[in-house]
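Take a look at the structure below. Then follow the text through it, one part at a time.

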Amino acid sequence: MNTEKIAARRLSLEEVTKLGVKDRLFISADTAELKLPGCYVPAFLTKSGEDFEGGSITAKTVFQEEVSCLPDDENEAGIYLADENGSVTIEVLQSAGVVLDLALFVPGGDKGALTALYAAARQAFGADTVQIWRQGLKEVPDVKVDIFEEQIPRGRKGTESPKRDRRAFDTYPTRADFIEFSAGWKPVIEVHRPIVDDTPTI
């Protein structure tokens, strides 16, 4: 297990409420699947500290896991901030590498192109390093769409039209599977219709 020892200090709930989503902090590496007592991982708050209600906050680790914790609870591992003058030293779990979850579009579904792609990756990084853990092939319909995210209405229906933001323009519908939509918003897919400018020209 690869870890790095860093000087840090434990934060109180009051200090956490002053942090933003870009502030790097450290939370326990313990998860339901993997128990790593006394080990921490880099993380960021899922929303500004002042927006959390009660004594519980939620942070997302660099390994894409969301963890809820109570900073002031002495029975929990707590939240730490790197500090050269900190009173404690914590062990921070390092990254072993990256799992690529790619959406690759191969025109015509040429399997030979996929084989060449894997061969090139193994040549670049080593045959024992590049491992294909999951391969999902999905046919893509030959139709272009526009992908929006639409705010889920709250309260009474029909009071106002829902807000909408464009996420992808003139693309394939399969791409929607790989877009992270905002909380409280839902995906909307419409067939792409080119905008025709009927303005008369002189």
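Leu25 touches Leu19, Val41, Pro42, Ala43, Phe44, Leu45, Ala59, Ile79, Tyr80 and Leu81. Residues up to four places away in sequence are not counted here, and contact means heavy atoms within 4.5 Å. The model is predicted, so local features need pLDDT of at least 70 and side-chain atom pairs count only at pLDDT 80 or more, while totals for chains, interfaces and linings use all residues. Residues are numbered from 1 along each chain as its sequence is written, and side-chain values use heavy atoms, leaving out hydrogens and water.

Now for the cores. A nonpolar core is a set of buried Ala, Val, Leu, Ile, Met, Phe, Trp, Tyr and Cys residues joined through side-chain atoms within 4.5 Å. Buried means under 20% relative accessible area, exposed means over 50%, and partly exposed lies in between (1.4 Å probe, protein chains only). The largest nonpolar core has 19 residues. Leu25, Ile27, Leu45, Ile57, Ala59 and Ile79 have the most contacts inside it. Helix 1 (13-16), strand 2 (25-28), strand 3 (39-45) and strand 4 (57-61) each supply at least two residues of this core. Helices (H or I, at least four residues) and strands (E, at least two) are DSSP runs, numbered from the N terminus. Strand 3 gives the largest share of the core, 4 residues. A second, separate core has 7 residues, including Ala8, Phe26, Tyr40 and Ile90.

Next, look at the rings. How many aromatic pairs does a search of the whole structure find? It finds 1. Rings of Phe, Tyr and Trp (its six-membered ring) pair if their centres lie within 6.5 Å; planes under 30 degrees apart count as stacked, over 60 as edge-to-face and the rest as tilted. Tyr40 and Tyr80 form an edge-to-face pair, 5.2 Å centre to centre, with 75 degrees between the planes. Tyr40 lies in strand 3 and Tyr80 in strand 6 (residues 80-82), so the pair ties together parts that are 40 residues apart in sequence. Tyr40 counts as buried because its relative accessibility is 9%. Tyr80 is buried too, at 11%.

Finally, turn to the backbone. Most residues other than glycine have a negative phi. Gln64 has a positive phi, near 65 degrees. Gln64 sits in the loop between strand 4 and strand 5 (66-69), and is exposed at 53% relative accessible area. Asp170 also has a positive phi, about 55 degrees. Asp170 lies in strand 9 (residues 164-171) and is partly exposed, at 33%.
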